[in-house]
Amino acid sequence: MKKDLVSVSDLTKSEIEKMFVLSKKIKSKTKKGIAHRVLKEKTLAMIFEKPSLRTRVTFETGMTQLGGHAIYLAPADIQLGKRESVADVASNLSRWVDAVMARTFSHQTIVELAENATVPVINGLSDLEHPCQILADFFTIYEHRAKKMDWRNWKLAYIGDGNNVCHSLLLASGILGMNISVGCPKAYQPKQEIIEKTLEFAQKTKAKIEILEDPFVAVKEADFIYTDVWASMGQEAEREERKRVFADYQVNAKLVAKAKEDVLVLHCLPAHRGEEITDEVIDGPHSIVLPQAENRLHLQKAILVKLLFNK
């Protein structure tokens with residue numbers, strides 16, 4: 001039976017942790033120049049409704065390094081649901097390729113692709129979740145601090161918009177058992193359905209989940225601070241209003257100083273410097289933003305291996 005990655009919640013705690021172990025092995029081989037072409041003659045179709053730097057480059061490079069091939073399908077190539085139905089696209093691609101990765105506006109598009117494809121479907125980003133990014137983020141946390149995967153000893157503070165990145169961070173925290181505090185304006189908090197699902201996971205793992213309005217309270221005793229842009233793609237018309245609303249939610253030196261002294265700062269990129277984060281912080285000693293970006297490559301290679309071999 002094929003397995004998809006539509007949501008972080010498609011994976012168990014054990015599956016996520018095993019993926020981190022595999023990512024570490026794959027990364028080590030890559031750094032040593034050891035070939036690991038386990039996906040020889042495999043093909044990944046990459047569907048993009050939104051522009052991309054990290055998602056496209058890391059998946060395409062990952063497939064190449066694993067001995068496979070990736071096909072980039074630009075927005076004009078398919079026009080999902082317009083030129084052809086999502087179901088028909090999924091059915092056709094299933095006859096040609098070994099897996100599909102899609103970066104879409106609507107989460108429902110990813111769901112429909114997964115429901116109609118007979119090959120694994122990976123959510124490269126949707127308006128509801130960003131699972132590949134967040135798995136790479138937690139792999140980065142594992143590398144830097146949680147080497148024994150002792151998640152309950154750590155606290156993550158997310159500051160900003162309760163968006164798709166925030167949703168996946170919440171779910172991953174609940175599943176793994178990491179404490180998380182979300183600091184965002186009341187009107188921009190995460191979707192209630194995501195909060196409720198996170199709390200269900202947290203009951204089992206004993207993670208502490210907080211949704212707060214005060215960013216300074218959210219970062220208190222935090223081991224990690226995470227932020228994202230205030231206006232995502234598709235929200236450009238709201239950008240000026242969001243800049244006003246989120247003005248007090250900037251990750252700057254003053255905010256960082258309220259967390260633990262050795263706090264590490266993450267950002268999924270691209271960053272709007274001077275808005276949600278300052279140059280001083282993103283380029284400073286607390287930042288692990290570049291290792292975080294690099295790990296998209298290694299973690300996604302592990303996702304591809306896991307899904308294509310269904311192990």
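Where in the chain is Glu221 found?

Modeller: Happy to! Keep in mind that this is a predicted model. Glu221 is found in the loop between α9 (215-218) and β8 (224-227). Its backbone is worth a look: phi of Glu221 is near 65 degrees, a positive value in a residue that is not glycine.

Leu269 is another such residue, with a positive phi of about 65 degrees although it is not a glycine. You will find Leu269 in the loop between β9 and α12. With a relative accessible area of 19%, Leu269 counts as buried, because the cut-off for buried is under 20%. Leu269 is joined to Pro270 by a cis peptide bond, with omega at about 0 degrees. Pro270 lies in the loop between β9 (264-267) and α12 (279-282).

Now for the cysteines. A disulfide is a covalent bond between the sulfur atoms of two cysteines. To be counted here, the two sulfur atoms must be within 2.5 Å. The sulfur of Cys166 has its closest cysteine sulfur in Cys184, 6.0 Å away, so the gap is too far for a bond.

Cys184 sits in the loop between β6 (179-183) and α8 (192-205). Leaving out residues up to four places away in sequence, Cys184 touches Gly160, Gly162, Gln189, Pro190, Leu212, Glu213 and Tyr249. Cys184 and Ser85 are 99 residues apart in sequence, and their C-alpha atoms are 37 Å apart in space.

Finally, the helices. Two packed helices are described by the angle between their axes and the distance between the axes. For helix α4 (residues 86-94) and helix α5 (residues 107-116), the axes come within 8 Å and cross at roughly 45 degrees. That angle makes α4 oblique to α5. The crossing of α4 past α5 is right-handed. On the α4 side, the contact is made by Val86, Ala87, Ala90 and Ser91, and on the α5 side by Thr109, Glu112, Leu113 and Asn116. Sorted by class, this contact of α4 with α5 has 4 nonpolar, 3 polar and 1 charged residues.

Conventions:
Residues are numbered from 1 along each chain as its sequence is written. This is a predicted model: local features need pLDDT of at least 70, side-chain atom pairs count only at pLDDT 80 or more; totals for chains, interfaces and linings use all residues. Side-chain values use heavy atoms; hydrogens and water are left out. Axes are lines fitted to C-alpha atoms, for helices over the stretch in contact, and angles run from 0 to 180 degrees between N-to-C directions. Helices (H or I, at least four residues) and strands (E, at least two) are DSSP runs, numbered from the N terminus. Angles under 35 degrees count as roughly parallel, over 145 as roughly antiparallel, 65 to 115 as roughly perpendicular and the rest as oblique. A crossing is left-handed if the near helix is turned anticlockwise from the far one by less than a right angle, and right-handed if clockwise. Contact means heavy atoms within 4.5 Å. Ala, Val, Leu, Ile, Met, Phe, Trp, Tyr, Cys and Pro count as nonpolar, Asp, Glu, Lys and Arg as charged, and the others, Gly among them, as polar. Buried means under 20% relative accessible area, exposed over 50%, partly exposed in between (1.4 Å probe, protein chains only).
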